Amino acid sequence: MIVVQNRFEIAPGYEDEFVERFSERRGEVESQPGFRHFQLLSPATEDTGTFVSMSYWDSLSDYQAWTESEAFERAHDRDAPREMFESHPTLEIHEVELEAGQFTTDA
């Protein structure tokens, strides 16, 4: 399994709009082969404006197939205003080497 993280440095005042853009997304990724889970993380402290989108995939090839699909193009066809971002997003891809505990986002 792999985890794909996109780190976004969001400019002050754009936080709510950024989250709204994700909550209004088309949901294209959920139907992709190998897709397992998606999360959007927001800063828990005020010392950062970094938001992180995380998607979980069965394999790197499943993720790459998503990025080359028409569904990916549709999912990313609405450009955000440039001033929303402090810098260009940073992509990180990691392979899961070890897991412990039961994963849940229920509070």
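These legends describe close-up views of a predicted model. Local features need pLDDT of at least 70, side-chain atom pairs count only at pLDDT 80 or more, and totals for chains, interfaces and linings use all residues. Residues are numbered from 1 along each chain as its sequence is written, and side-chain values use heavy atoms, with hydrogens and water left out.

**View 1. The largest pocket and its lining.** A pocket is an open set of points on a 1 Å grid over the protein atoms alone, where a 1.4 Å probe fits, with protein on both sides within 12 Å along at least five of seven lines; lining residues have an atom within 4 Å of a point. The volume is about 1,100 Å³, counted as the space filled by probe spheres set on points joined across faces, edges and corners. Of the 33 lining residues, Asn 6, Phe 8, Phe 22, Ala 75 and His 76 lie nearest the centre. Elements giving two or more residues to this lining include strand S1 (2–9) and helix H1 (15–23); strands are DSSP runs of E with at least two residues, helices runs of H or I with at least four, numbered from the N terminus. S3 supplies the largest share, four residues.

**View 2. The second largest pocket.** This pocket holds about 220 Å³ of space. Among the residues lining the second largest pocket are Met 1, Arg 36, Tyr 56, Glu 99 and Phe 103.

**View 3. Ile 93 in strand S4.** Strand S4 spans residues 90–95. Ile 93 is partly exposed, at a relative accessible area of 38% (buried is under 20%, exposed over 50%, partly exposed in between; 1.4 Å probe, protein chains only).
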